[in-house]
Amino acid sequence: MSNITYQKIWMEAQDAISDILQNEIPAIIVEDVLPTNKSVIYQNLCAAYVKYIQIVAKLNICYDQIVHPQKRRLVRVALDASMGRLIELHNDMVVFRCSENHFFDDILTDLKLSVNDMEIVIPKYFLFERALELQERERTLDEILEKMGAIVIHTQAQETTEEEVGSIHSPGTNVNETSEVKRINEIILLVQCHERARQARARLRHLLEMKEREERLIARKGEPPMFTPDEAATIIQKTWKGYLGRTLIKKLKEEEKIFLGMKLPHEALEEAKRSFQMVQLVEAHRRAIQERHEYEYEDAITRIRDRILDKEAGTFQEEMQDKIRNWFHETFSALGDYPDYPFEDEGGSNLIFEGKLPPEEILRRIKEAAERQDEPPAPIIPPEVVELMVQESNFVPILTEQSSEYENVWKKRDESHNPHQRYDESIIVEEKRKEVREQIRIIVDNAMQVELERLKDALARERNQKRTKVKAQRRKPPVKPKPRKKEKDLTPERTFESLYEELVVNGIIKKFPKVSMTDFIGDYNYLGSYLQQSQEFDTPLALADIRRLVTQYCILPLGSPKIHEIGPQIPALLLVGSSGSGKTMLAHIVCSEAGATLFDLSAINLVDKYPGKDGIKMLLHLVKKVGTLLQPSVILIEDTEKMFYKKIPKEEKYMDPKRLKGSLSKFLKGIWPNERIMLIGTTRDPLAADYGLSKMYDKVIMIPKPDYASRSLLWSTFITNSMGYDLERVDISLLSKVSDGYTAGRIRNAIITVLTEYRKALNKSRPVETLEFINVFALLDPIYKEEEDAHKMWYYTLSPLGMRYLDTLEAGENV
């Protein structure tokens with residue numbers, strides 16, 4: 001696409017932002033809202049949520065492909081703020097409905113959108129802007145792992161006794177030569193084994209062919225012909241006509257599918273592949289142009305700023321001093337005394353330059369300062385009420401300012417002289433001039449404050465008054481958060497490289513498979529709102545909803561420092577689901593999409609590592625220190641219920657699974673907004689844990705078993721990925737019904753079991769049948785209803801959000 005096309009997409013996104021900002025909902029307490037109004041406010045929140053998803057998708061395209069460096073900076077502000085507002089709206093929706101599950105059927109119909117438009121787009125800049133850093137980090141990890149492999153081999157070689165060495169080598173033989181000879185002997189043995197196996201297979205094949213030939217000769221010897229020539233011709237004709245008929249029916253079926261839009265013709269598929277490859281090349285080319293324009297822009301910023309400092313700084317200083325002195329004299333003429341200098345937190349001398357401090361304003365401020373001392377303090381909202389509030393947004397002011405800048409600068413700007421979309425020098429000059437003026441203003445303010453004090457002293461001497469210097473009474477500063485307590489560094493003398501290597505060697509930092517969110521396959525629940533009306537409990541989440549929740553709770557905050565710093569804080573997330581539901585895969589997806597480092601603190605992974613309280617303290621210190629330097633970071637604890645066992649089973653006592661329990665809570669409280677570290681826990685048996693499990697994690701996501709739509713999508717996708725094409729004799733609908741109750745992992749394992757490389761090779765001569773998959777399912781255990789009910793019971797009786805949902809149902813207040 002061209003620059004004009006991306007400009008139009010940006011304009012559409014900005015118009016949508018302007019429209020949605022006019023209908024923003026103010027901060028309110030939910031309990032104070034009438035029941036009739038709750039539903040209206042909830043629907044408005046859902047509508048805004050859907051619109052922000054569309055805005056984020058458009059802004060992501062613009063930021064990825066627009067080559068103008070100044071436009072990209074403004075788009076980046078809007079993109080981060082829109083994603084942050086998206087998370088805020090979802091939190092407000094959860095407050096209203098007391099559930100993570102929401103239905104957007106009516107809204108999608110009104111906006112003429114499909115359910116696929118509800119997919120939250122993950123910004124590409126999370127990985128592209130850190131590509132070199134991530135490559136270097138992966139290379140370092142591979143080097144350490146390779147070094148570990150060499151150390152293990154060397155250690156095993158050293159365990160060989162001297163007698164064994166002496167029996168193999170003569171005195172005076174070099175140890176290195178010995179290892180080399182041993183390695184060559186192992187290679188020779190391996191080659192010999194493979195060659196003997198090949199010969200045996202060839203001999204068996206030859207014997208089978210000889211046996212088959214002998215059987216054919218015996219069958220033909222002394223027997224009359226089975227058919228007459230006419231009968232043989234008839235059989236051949238039947239076979240040939242049957243083949244022609246089957247081929248014709250197959251062709252007609254293909255044409256019917258193409259006509260109904262169920263399948264694309266082969267030519268269209270090839271054209272789509274070529275078009276997709278061309279789009280990827282064009283996008284890569286535009287990113288290269290982005291880098292070149294960015295370099296030119298950075299160079300221009302330095303050059304223009306230096307030029308303004310050299311040529312205009314002196315003029316700025318003289319103009320400011322003259323205006324401030326004139327203000328001194330005008331105020332003295334009107335009030336008979338010199339004024340107090342304006343506070344820096346109010347803008348300093350900018351108030352003078354903007355004409356906001358005439359004599360009348362100074363008198364009004366003096367009266368207000370006297371009245372302000374008698375004002376009562378602002379009421380404090382209790383914490384339990386804060387949880388039931390639609391919070392005031394931290395991102396709406398950013399969006400408002402960004403939208404205003406777009407309207408004033410870019411909306412009607414004539415860029416006919418800039419077809420290649422390089423930087424605009426006039427905007428740089430204006431911005432740097434403001435920046436230099438602000439620097440000069442601070443210097444001038446300090447000098448003029450001294451001059452004002454001297455004028456006041458001179459006036460006091462003229463009036464024969466002794467002037468006592470009184471410190472200026474400043475306004476009471478706003479309440480600031482408690483200063484961060486500096487943590488004691490337990491490893492002050494060690495380098496980062498040594499700490500990183502230690503964690504890799506001990507298996508704490510792990511290499512994870514690269515998977516994207518599209519690999520977590522699942523469809524939407526198309527009957528969610530209908531089923532909700534006939535159920536006592538909340539409708540289970542669909543697998544597509546799981547993708548959306550994990551994206552907004554984990555990937556967006558970890559990928560964007562701005563969202564993590566001022567957006568809603570979610571330091572810990574718990575994934576609850578049966579075996580094979582995709583809990584660990586989701587953690588790997590978060591690391592892959594956000595470019596995060598994975599720390600594995602599972603109980604089984606910590607056996608015989610960092611023993612004792614001091615060991616755990618050192619472990620968490622290393623994780624915090626290295627994780628902060630390598631942020632974003634993800635801490636994964638699989639089978640996290642083991643940490644909160646009511647009673648540790650005898651067979652698991654060797655793991656000491658509860659030793660992290662107390663220290664981890666303190667660790668999570670010590671994570672600050674500017675530290676992108678997140679804890680992800682997984683469990684398949686939450687009832688085995690005590691109440692501390694739900695208290696540890698801020699959010700709980702229940703991963704359900706796949707419904708029919710998701711199972712159908714899983715079967716078709718897995719089979720296509722394995723074979724490269726659809727299997728004609730496999731009934732996907734039948735398999736989707738038969739596999740009811742099985743997780744995505746079980747379905748995938750069944751496909752892997754059936755579609756081996758040998759079976760794929762035989763597919764042309766003996767096509768794969770549906771029964772082959774069904775036979776495999778007889779050996780697999782499904783998710784039984786008891787296990788599913790146990791997960792529901794835990795969620796609605798022990799998780800905070802589930803208990804609140806039941807309370808609202810009993811009170812009849814759920815929207």
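Helices here are DSSP runs of H or I with at least four residues, strands are runs of E with at least two, and both are numbered from the N terminus. By that definition the protein has 30 helices and seven strands. The model is a predicted one, in which local features need pLDDT of at least 70 and side-chain atom pairs count only at pLDDT 80 or more, while totals for chains, interfaces and linings use all residues. Residues are numbered from 1 along each chain as its sequence is written, and side-chain values use heavy atoms, leaving out hydrogens and water.

Of the 815 residues in the protein, 39% are buried; buried means under 20% relative accessible area, exposed means over 50%, and partly exposed lies in between, with a 1.4 Å probe and protein chains only.

Let me turn to E772, which is placed in helix 28, residues 770-777. With a relative accessible area of 21%, E772 is partly exposed. Beyond its neighbours within four places in sequence, E772 is in contact (heavy atoms within 4.5 Å) with V754, R759 and P767. V754 lies 18 residues from E772 in sequence, and their C-alpha atoms are 6.9 Å apart.

Finally, where is Y243 found? Y243 belongs to helix 9, residues 229-260. Because its relative accessible area is 44%, Y243 counts as partly exposed.
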